[in-house]
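Visitor: Please put the model up. I would like to go through it by question and answer.

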Amino acid sequence: MIELDNLTLGYDRHPAVHHLDATIARGSLLAVVGPNGAGKSTLLKGILGLLRPLQGEVRLHGVVRHRVAYLPQQIDLDRTFPLRVDELVSFGLWHRVGALRSLTRHDRTAIAEALAAVGLNGFAGRPIGALSGGQFQRALFARVLLQDAPLILLDEPFTAIDTRTAEDLLALVRRWHGEARTVIAVLHDLDQVRSHFPTAMLLARELVAAGPTAEVLRGEHLFRARQMAEAHDERAPVCRRRAA
Amino acid sequence: MIVFEPLIAPFVEFEFMRRALVGCLALALGATPVGVFLLLRRMSLTGDAMAHAILPGAALGYFLFGLSVGAMTIGGLVAGLAVAMLAGLVARGTLLGEDASLAAFYLISLAAGVLLISLRGSQVDLFHVLFGTVLALNDAALLLIAAITTITLLTLALLFRPLVAECVDPSFLRTVSPLSPVAHYGFLMLVVLNLVGGFQALGTLLAVGIVILPAAAARFWSRTISGLLLAAVLVAVCGSLAGLLLSYHLDLASGPAIILAIGGIYLLSLLAGPEGVVTRRLLHQRHLQA
């Protein structure tokens, strides 16, 4: 279970998302939605501990922080680095091999199986720079598979990839949900959210609504979210708001 | 054998040439892998700035103790690390980016260093500190370079996987391991150490040449990380050998000759390496089937 307690996250004292109170149950399949700049990716970074809260806290129950799997946006990765696909995917075994241990035959089999599971048979030896956007996303999903994590955070996993790839990767997400893992995904396609994600959280720099997807994605909530997207203001006064 | 004589005789006959060669080979083994990672992390200019940053520390060592390897090394290390840390702090705490803050610090360092040396020393001493004296490496300098190379290779072996992970996907490393700061600061430490080692042979201005140029040349020969490391070391070894021989036979300044020889290999690689301009253009005239 994840508890967000009066959580405010931001950069340089400016909140990207503020005063967030929410509980995410173990085994949830949750979509985080909202307009651009709503604080969705920032929330994932806060849960991961990559960003220290300006106020409040994130409490992870039953999950060690280093065992959380995270799929970042592709723009955050350097695809020009001379690395092979299997080397990239092998990082998913970090919890087993760490920084020093060399890969065993068992590890190599696991990598091959993960590549097969995401439809990248025969791609192991290719440089990551030679992959298309969709293929690269499949490779990152293979890495998440190997992480075998109880909590999986996906930042815009289906952006700029074709329908077929998105469907294949959605099947993996459903599989993780079936295995009682907690999956939280930042998404933009509301139809996709309605079809595949039973719960949703609507953000617009603060919490607009959270709960069953049909309830959260009601017209009035979406309208409110659009209204609440505020601009970054250098002269903004100090926030005096306390926890709810 | 007549062909080989000009290549071997200088090293057989003269101890100072053998010492220079050993120093350069040790630098090639340690400094070039560091250069490969600097290049891959897009920090080539950071290396250049840090090379300048060690100058005031080395100069202070010189100011207090003369041309002493130990004093200048410790001074250089402290100054290099201080500038790296300060530049990082300024970049994180202010609007100034890391490149701009490093540029600010290294310009101040360079001016302070030159001023300190000119207060006490002659033009010869200044030349020594800025461009090194690869033909006058004493036991202490050689041992220092060898020790730095040993530390570098051991540290790189230990930090190899975290370093690669941090280059490709820094947030991933931070989520799976507490080693991210160890990799980051450990690597910066290696950069400073190798620049200080290179400074003994090539001076503060040219030391970065044997760090970055072989790595840049290697990029035209290989598309794998292990291939890059191997190619960079080979380029540095060949360049050092060629530079020393050129300086011996043509009576040229040895430090610049070594860096120019490596620069020549870089230009050759740029044109004729498998990933170079000409090869890629020739290959691209006929496309593959898949």
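Visitor: How are α2(B) and α10(B) oriented to each other, parallel or perpendicular?
Guide: This is a predicted model; local features need pLDDT of at least 70, side-chain atom pairs pLDDT 80 or more, while totals for chains, interfaces and linings use all residues. Residues are numbered from 1 along each chain as written, chains are lettered from A and ligands numbered from 1 in written order, and side-chain values use heavy atoms, without hydrogens and water. The axes of α2 (residues 15-40) and α10 (residues 180-218) of chain B come within 8 Å and cross at roughly 110 degrees. Angles of 65 to 115 degrees count as roughly perpendicular, so α2(B) and α10(B) are roughly perpendicular.

Visitor: Which residues of α2(B) make the contact with α1(B)?
Guide: Helix α1 (residues 5-13) of chain B packs on α2(B) at about 105 degrees, axes 5 Å apart. That makes the two helices, α1(B) and α2(B), roughly perpendicular. From α1(B) come Pro10(B), Phe11(B), Val12(B) and Glu13(B). From α2(B) come Glu15(B), Met17(B), Arg18(B) and Leu21(B).

Visitor: Which three residues supply 30% of the area that chain B buries against chain A?
Guide: Buried area is the accessible area (1.4 Å probe) that two parts lose on being put together, summed over both. Between chain B and chain A that is about 2,400 Å², with carbon and sulfur atoms giving 64%. More than any other three residues, the 30% share comes from Arg161(B), Val168(B) and Thr175(B).

Visitor: Which residue of chain A forms a salt bridge with Arg42(B)?
Guide: A salt bridge puts a side-chain nitrogen of Lys or Arg within 4 Å of a carboxyl oxygen of Asp or Glu. Two are counted between chain B and chain A. For Arg42(B), the closest N and O atoms are 3.0 Å apart, and the partner is Asp78(A).

Visitor: Which element gives the largest share of the side of chain B that touches chain A?
Guide: Helices here are DSSP runs (H or I, at least four residues), numbered from the N terminus. Those giving two or more residues are α8 (139-168), α9 (170-176) and α11 (225-250) of chain B. The largest share, eight residues, comes from α8(B).

Conventions: Axes are lines fitted to C-alpha atoms, for helices over the stretch in contact, and angles run from 0 to 180 degrees between N-to-C directions. Angles under 35 degrees count as roughly parallel, over 145 as roughly antiparallel, 65 to 115 as roughly perpendicular and the rest as oblique. Contact means heavy atoms within 4.5 Å.
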